[in-house]
Amino acid sequence: MKLKLTNLARSFGEHKALDGVTFEVENCGALVFIGPSGGGKSTLLRILAGLEKPDSGEVQINGERLVFEEQRLQQHRRKIGVVFQGFNLFPHLSAVENIELPLTAVHGHSPAQAREVSMELLRRFQLAAHADKKPAALSGGQKQRIAIARALAVQPQMLLLDEPTSALDPAMTAEVLETIELLKDQGRDFILATHEMGFARKVADQVAFIAEGKLVELGAPGAVFGETALGETRRFLERVLRW
Ligand SMILES: Nc1ncnc2c1ncn2[C@@H]1O[C@H](COP(=O)(O)OP(=O)(O)OP(=O)(O)O)[C@@H](O)[C@H]1O
Ligand SMILES: [Mg+2]
C-alpha cells in the first residue's frame with residue numbers, strides 16, 4: 001500500500017498537534033511511529049483512520065485522496081482496522097459478539113458466516129474459551145487481543161495500532177507483539193505507534209520519528225536506530241533506551 005501525506009496540520013486551540021507532516025512511502029509494510037509523548041502520533045493515526053479531520057493538508061492512499069466528508073469517511077473507515085489505546089469493546093456484548101458486530105452490521109455477513117470467522121479468529125488468538133464472556137469479565141490483555149481480532153475480521157486494507165500493548169503486563173505484551181509480528185510475516189500492511197523500542201526496531205520496515213507535530217526522520221530501522229540518525233532522534237532514543 002502506498003501512502004502519501006502532504007503538509008498535514010491539526011491544531012487543538014493554540015496547540016499544533018500536527019505541524020505540517022509530509023512524507024511518502026511507496027510500500028507501507030510495517031510502518032512504526034515512535035517519538036516523545038504528545039508528539040502527534042495518535043493524532044496522525046486518528047486522521048488516517050478517518051476519525052479526525054486535519055485543518056489542512058492531504059492524505060493519499062494508493063494514489064487516492066482521502067476526502068474528509070462524513071459519507072466518504074464512512075466508506076474509508078470500513079476499509080481500515082483500528083486498535084487504539086483504550087479497549088473499545090462494547091460492554092454489553094460478549095467477546096464473540098464484539099467481533100461479529102462489524103461483520104454483520106457493516107460488511108454484510110450472515111450471522112452464521114460472522115460466527116465462523118469470529119470463532120476462527122478467537123481460536124487463533126487462543127481466546128476461544130472466552131468467547132461468551134463480556135468485556136468486564138476479561139483481562140486487559142484478553143480485551144486487547146479481542147480488539148485486534150475484531151480489527152482483522154473485516155480483512156482491512158490497512159491496520160492501525162496505537163500503543164496496543166500500553167495497558168498490558170509483560171507476558172501479555174509479548175503475546176500481542178508476537179501476534180503483530182505474525183501479521184508482518186503474513187505481509188499485512190500496518191501502522192503502529194509504540195513506545196516499545198526493541199519491538200519497533202525488530203518489526204518495522206520503516207520507522208517514522210515524530211516529535212512536536214513534525215516528522216523528524218523516516219527511514220529503515222537500522223538507520224533511525226543507528227549511528228547515522230539525526231541528533232534529535234538520537235537524543236530521544238538515548239533517553240528512553242537508558243532505562
Ligand atoms: N482531542 C484533543 N483535544 C485537545 N488536545 C489534544 C487532543 N488530542 C490531542 N491533543 C494534543 O495534541 C498533542 C498530540 O497528542 P497525541 O495524542 O497525538 O500525541 P502522541 O504522540 O500520541 O503521544 P503519546 O505517545 O503520549 O500517546 C498533545 O499535546 C495532546 O495534548
Ligand atoms: Mg498516543
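Of the 243 residues of the protein, 39% count as buried; a buried residue has 20 or more other C-beta atoms within 10 Å of its own, an exposed one 12 or fewer, a partly exposed one a count in between, with C-beta atoms placed from the backbone. This is a predicted model, in which local features need pLDDT of at least 70 and side-chain atom pairs count only at pLDDT 80 or more, while totals for chains, interfaces and linings use all residues. Residues are numbered from 1 along each chain as its sequence is written, and chains are lettered from A and ligands numbered from 1 in the order in which they are written.

**Whole chain**

Select the whole protein. Its C-alpha atoms fill a box of roughly 55 × 40 × 35 Å along the principal axes. The radius of gyration is 18 Å, which agrees with the value near 18 Å for a compact globule of 243 residues; the radius is taken over C-alpha atoms, and the globule rule is 2.2 Å times the number of residues to the power 0.38. Among contacts between residues at least 6 apart in sequence, 66% join residues at least 24 apart; a contact requires C-beta atoms, placed from the backbone, within 7 Å.

Colour by secondary structure next: the protein has 9 helices and 10 strands. These are DSSP runs numbered from the N terminus, with helices being H or I of at least four residues and strands E of at least two.

**The antiparallel sheet**

Select β1, β2, β4 and β5. These 4 strands form an open sheet in the order β2-β1-β4-β5, with antiparallel pairing; two strands pair if DSSP finds at least two bridges between them. β2 (15–25) and β5 (64–65) are the edge strands, each with a single partner, so one side of each has no neighbour in the sheet. Zoom in on β1 (residues 3–12), which is joined to antiparallel β2 by 8 bridges. Leu5 has Phe23 in β2 as its bridge partner.

Angles run from 0 to 180 degrees between N-to-C directions, and axes are lines fitted to C-alpha atoms, for helices over the stretch in contact. In α1, 6 of the 8 residues are buried, so the helix is largely enclosed by the rest of the structure. The buried residues are Lys41, Thr43, Leu44, Leu45, Ile47 and Leu48. After α1 comes Gly50, with a positive phi near 80°.

**The mixed sheet**

Select β6, β7, β8, β3, β9 and β10. In that order, these 6 strands form an open sheet with mixed pairing. β6 and β10 (214–219) stand at the edges with a single partner strand each, so one side of each is left without a neighbour in the sheet. The twist averages 15° from one strand to the next. Helix α5 (residues 140–153) packs on the sheet, touching β6 and β7, and its direction makes about 175° with that of β6.

Centre on β7 (residues 158–162). All 5 of the 5 residues are buried, so the strand is largely enclosed by the rest of the structure. Met158, Leu160 and Asp162 point one way, and Leu159 and Leu161 the other way. In a regular strand the side chains alternate between the two faces of the sheet.

β7 runs parallel to β6 (residues 80–83), with 4 bridges between them. Here Ile80 is paired with Met158, and Val82 stands opposite Leu160. β7 is also joined by 4 bridges to β8 (residues 190–193), again in parallel; the partner of Asp162 in β8 is Ala193. From β7 the chain crosses through α6 (residues 170–185) to β8 in a right-handed β-α-β crossover, meaning that, with the strands pointing away from the viewer, the path from the first strand over the helix to the second runs clockwise.

**Two loop residues**

Finish with the loops on either side of β7. Most residues other than glycine have a negative phi. Gln155, in the loop between α5 and β7, has a positive phi near 50°; it has 11 C-beta neighbours inside 10 Å, so it counts as exposed. Glu163, in the loop between β7 and α6, has a positive phi near 45°; with 20 such neighbours inside 10 Å, Glu163 counts as buried.

How values were computed. Two residues are in contact if their C-beta atoms, placed from the backbone, lie within 7 Å.
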